[in-house]
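I opened the model to go through its sheets, its domains and its chain contact in turn. These are my notes, entry by entry.

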Amino acid sequence: MTQTETAQISWPDDGYSRIPYGVYTDPSVYDDEQQRIFRGEVWSFVGLAQEIPEMGDYRTTYIGDTPVIVVRDGDDGVQVMVNRCAHRGNLVCVAKEGRADELTCVYHNWRYDLQGNLKNVAFGKGVGKKGGMPDDFDPANHGLQKLRTDIYVGLVFATFSETVVPLADYLVDEMRENMDRVLGRDMVVLGTYSQYMPNNWKLYMENVRDSYHASILHMFQATFRMNRLSMKGGIKLSDNGWHHISHSAADSDSEEQQYNSKTLLSVKDGYLLADPSLVDRWREFDCGTTLAIQSIYPNFVVQQIYNSIALRLCLPRGPEECELMWWILGSADDSDEQHDARVRQSNMVGPGGLISMEDGVVGGWIQRGSKRDRNKTTIVEMGGTDVASSEDSRTTEVSIRGFWKAYRELMGV
Amino acid sequence: MDGSATTSAIDKDTRRAIEDFIVDYAHMIDDDRLEEWPDYFTEKCTYRIINRENFVRERVVGVMECSSRGMLEDRIKALREANVFEPHWYRHILSGTRIKGRNGDLFQVETSFTVIRTLQEGDMSVFSAGKYVDEIIVEGGKPLFQKRVVVCDSNRIHTLIVIPI
């Protein structure tokens, strides 16, 4: 048995197949995660570059539970800074989004440029030669806390770490390949919303990586006799096990391959639907991929379910709550017909999603079921106990084990 | 003034029919008579739940989207037979129905709502507040929704949404 220094939680094996329930509830574990994961050796997704197209456009969001500002500070440049005035800790940007020439704290009018440099302190020289800041106060030492920032296929990431590998290396070739395929074109935001869940953030991220539950918990497709997404496919893991893609593709001789990529397929399955146009789709990708759920450690998801493309970011909101931010996307090249099909397919996902709503509730049930037994554990052993890609089966919990491998490495437990 | 100027010409019976229709809809949902839900809509229709932030940007993707009566039926069948969730109930509190305009038999109507959600163990919360932005067609004195857009003030949905608003 090993124990963490701070939380006194036992990990009963040296691997990743037994997870003590205490990690989902303990406030000190939650605090450690903020430091060791969200401020540690990871890159965090903070938004889309296209949401801040013009100089001075900004949005506010969070890395872990630390508020940050994402601002366009030049033609190509995006800057991410902690949203906290160097003076008294006030939020510099209160609005969720806006445009500014400079960033000014409303409390005492301390002004920062778009790079976060402190430019002016109100009454810094005092009034009538009285008061003011001491002569040795150097504004250059009191800017906003700047984070390393980088963009990949329009996705803005930032990190508190000075030592984590560059973003492209963090994402590794296999993960970037899928992002290129799904997002490497002119994308448009069709809608955004959030889903607030009564469970620890890790329970949701395990759910994302859990290909085992998909056809069991989500009964919609079985009820309406639709082909299950899980029929053929596998799990790709990055070499270190941190990131994953659960994918499936249509059979080469199936109806999926036989329709023209420009026309919608009125699928024959789902014939019990009163209006089967709900699942009309087209072959968007030459590779025939019909499903790819990708997670980038720790809390970012890229989703392709047929033509439903979305990004999800799971923000921790305390030990027992989290908020899932959704971006539903389309392509700028979509025909009207394709656009309408994407809108209809949006019914599948999100808090009202016909094949996803259950994901919003099951975490809360685990939270309630396990709260009292912090040193009892889950079992994550489907498909063995190792952490390696599973190319021909999705009946495995291997990508959940990958999540815990990253977790234990970062947390030092 | 935004609002009722155009509506003075609407006869009392029509106005009353529209207001009753909106109230009946809320009772139908709160009473769990959801199989009747599609009957409130025209065959081709729009039912959409979307948040205010997206609505003002004229985005169309929200958390629920039905474009036919059949799709409404499928939603209810999924709720009854497929979707997994903790039993809960809604209570709709409606206020301030106003008829903003008309075009022949088609009326533009807005109504504020609050939905209180009660879970099986008794937890109650304000699940959503916002306004209905409706296009109601009245034929032979009988109103039907051609379009009902549920504009929620909050971007957040707590846990999940399976029962329509």
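Entry 1, a strand pair. I began with strand β18 (residues 300-305) of chain A and found that 6 bridges join β18 to strand β19 (residues 308-316) of chain A, the two running antiparallel; strands here are DSSP runs of E of at least two residues, helices are runs of H or I of at least four residues, and both are numbered from the N terminus. I then looked up A:I305, whose bridge partner in β19(A) is A:S308. Before going on I noted that this is a predicted model, in which local features need pLDDT of at least 70 and side-chain atom pairs count only at pLDDT 80 or more, while totals for chains, interfaces and linings use all residues. Residues are numbered from 1 along each chain as its sequence is written, and chains are lettered from A and ligands numbered from 1 in the order in which they are written.

I traced 8 strands in an open sheet, in the order β15(A)-β16(A)-β17(A)-β18(A)-β19(A)-β20(A)-β14(A)-β7(B), with mixed pairing; two strands count as paired if DSSP finds at least two bridges between them. The edge strands, each pairing on one side only, are β15 (233-237) of chain A and β7 of chain B, and the twist averages 20° from one strand to the next. Angles run from 0 to 180 degrees between N-to-C directions, with axes fitted as lines to C-alpha atoms, for helices over the stretch in contact. Where the chains meet in this sheet, 3 bridges join β14(A) to strand β7 (residues 156-158) of chain B, and these two run parallel; A:Y196 has B:H158 as its bridge partner in β7(B).

I looked up the contact between the chains, which takes 31 residues from chain A and 31 residues from chain B, contact meaning C-beta atoms, placed from the backbone, within 7 Å. On the chain A side, β14 (187-197), α5 (220-223), α7 (336-345) and α8 (359-370) each supply at least two residues, and the largest share, 8 residues, comes from β14(A).

I followed 7 strands of chain A through an open antiparallel sheet in the order β4-β13-β12-β7-β6-β5-β8, with β4 (44-48) and β8 (97-99) as its edge strands. Neighbouring strands are turned by 30° against each other on average, direction ignored. Within this sheet I checked strand β7 (residues 78-82) of chain A, which 2 bridges join to strand β12 (residues 146-152) of chain A in antiparallel fashion, and I saw that A:V80 stands opposite A:L147 in β12(A). Helix α2 (residues 167-183) of chain A lies across β12 and β13 (155-159) of chain A, running at about 25° to β12(A).

Chain A is divided into domain 1 (44-151) and domain 2 (172-411), bounds that come from an automatic or database domain assignment. Their C-alpha centres lie 36 Å apart, and 5 residues of domain 1 are in contact with 6 residues of domain 2.

What did I find for the largest nonpolar core? The core has 142 residues, and those with the most contacts inside it are A:V46, A:I69, A:V70 and A:Y204. Domain 1 and domain 2 of chain A both give residues to this core, so the core lies between them. A nonpolar core is a set of buried Ala, Val, Leu, Ile, Met, Phe, Trp, Tyr and Cys residues joined through C-beta atoms within 7 Å, and a residue is buried if 20 or more other C-beta atoms lie within 10 Å of its own.

Technical notes. Buried ≥ 20, exposed ≤ 12 C-beta atoms within 10 Å, placed from the backbone. Contact = placed C-beta atoms within 7 Å.
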